[in-house]
Amino acid sequence: MTPTKSTGGTKKNQGRKAPAPQKASKAAKKTSTKTNPGTARKTPTKKPAKKKSPGILHEFKKMILGIAILVAVCLTTAMLVDIFVKIGRPVAPEAQTDRKEPPVTRPQVPVPTPPRQAPLPPATQDQPAMEPKIITKAEGLKEKEHTPGKSSMTRTPPVPKEGSKIVYEVYDDVTPTPPKKVVPPPKNNLMPQIAIIIDDIGYDKNMAMGLLNIDKNITFSILPFSPAGTQLAHSLSAKGAELMLHLPMEPTQYPKVNPGPGALLSSMSPDELLAQLRKDIHAVPGTVGANNHMGSRLTADSNKMNQIFTVLKKNNLFFIDSRTSPESKGEQSARIFQLKFSHRDVFLDNFQDVEYISGQIEKLIKQAQAHGSAIGIGHPHQTTLDALKRELPKLKSKVRLVPASRLVEIPSS
């Protein structure tokens, strides 16, 4: 019996102690669950600490490689730019020197007062024929002689100050007898008509207004880019005067004689010449026509005159040839372009003497009586003003003074 009790007691004890291992396993699970997160948290912090040094070196190498690539690209770009710039450099200077070679001789134009401008008797008028022969062998020396401290002129030479002496016109190539009238005289007018054009307006305001006060039918031809040209254009047109553009053109004596700012030169390309002509027209507002200032060389060039007349035709401007050259192609070009045209019959004041100018006015009257009309050209000199003031009141019974636009027509074939 005793054995049975002992065994029963062990069974009870075994039955009671059986859950203990379960608790231990739960505790083990708990410890395992508690330790696993701890270990999971610790492992990622330890691994980057070991890889820190290789990561920094790798990034540093990347930076060095990037800088090296950037420097190489910059150097290559700079070399390519330098190569292309060097290739382009020789072309531009050649073009510039080609264009600037002709104008280099232009600046050498002072504004001298030639001896022929002095008062001389009419008998000596034939002497200037020898003047145009200018020796051009030593151009460099000549340029230095004719540039007394003046800056060079490319296409817009320095504008003389008001009151300074100006070469208004060159009379070397003036024809002694005018050609036949291009425009037939109107038969319906009983009294002959004359027009008097005063060239080179734009320097002396008082002289211009004094001439206007003599007769409002006097026509004024204004030089572009002259000191008072634009102001006088507004003042004269406001008082009813007719205005023309006095277009500077290259004379045969160029560059010894300077046609002034805005000059049209034979060395200009068609684009340059037309661009300059448009600027000249724009510089003198209110003009209805144009005539040439100097221009003994350019007016003899039919190609240049054709180019000029294309612009005048588009702007509805007539042209009066001052006839500074017997070889002028003005009438021929006007016929081609159907442009209103006429020419100068008499220079009134190529000698500065009141009696001589009075004689030239009488000559103008005889031309008008013979042909029905005549055009005289003068300049803003005091002697011209004095002669006109004395002679114009006497003309009313002989001829009629009209604006220049009344005496121009398209030349007939």
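The following legends describe an overall view and two close-up views of a predicted model.

**Figure 1. Overall composition of the predicted protein model.** The secondary structure amounts to eleven helices and nine strands. The protein has 413 residues, of which 40% count as buried. Of the contacts between residues at least 6 apart in sequence, 79% join residues at least 24 apart.

**Figure 2. Close-up of the packing of helix 7 against helix 8.** The axes of helix 7 (residues 270-283) and helix 8 cross at roughly 40° and come within 10 Å. Helix 7 is therefore oblique to helix 8, and their crossing is right-handed. Helix 7 contributes Pro 270, Leu 273, Leu 274, Leu 277, Arg 278 and Ile 281 to the contact, while helix 8 contributes Lys 304, Gln 307, Ile 308, Thr 310, Val 311 and Leu 312. By class, the residues of this contact comprise eight nonpolar, two polar and two charged.

**Figure 3. Close-up of the packing of helix 8 against helix 9.** Helix 8 (residues 302-314) packs with helix 9 (residues 330-337) at an angle of about 45°, and the two axes lie 9 Å apart. These helices are therefore oblique to each other, with a right-handed crossing. On helix 8, the contact involves Ser 302, Met 305, Asn 306, Phe 309, Thr 310 and Lys 313; on helix 9, it involves Gly 330, Gln 332, Ser 333, Ala 334, Ile 336 and Phe 337. The contact residues of helix 8 and helix 9 comprise five nonpolar, six polar and one charged.

Definitions and conventions:
Residues numbered from 1 in each chain as written. Predicted model: local features only at pLDDT ≥ 70, side-chain atom pairs only at ≥ 80, totals over all residues. Heavy atoms only, no water. Axes fitted to C-alpha atoms, helices over the stretch in contact; angles between N-to-C directions. Helix = DSSP H or I, 4+ residues; strand = E, 2+ residues; numbered from the N terminus. Parallel < 35°, antiparallel > 145°, perpendicular 65-115°, else oblique. Left-handed = near helix turned anticlockwise from the far one by under 90°. Contact = heavy atoms within 4.5 Å. Nonpolar A, V, L, I, M, F, W, Y, C, P; charged D, E, K, R; others polar. Buried < 20%, exposed > 50% of the residue type's maximum accessible area, 1.4 Å probe, protein only.
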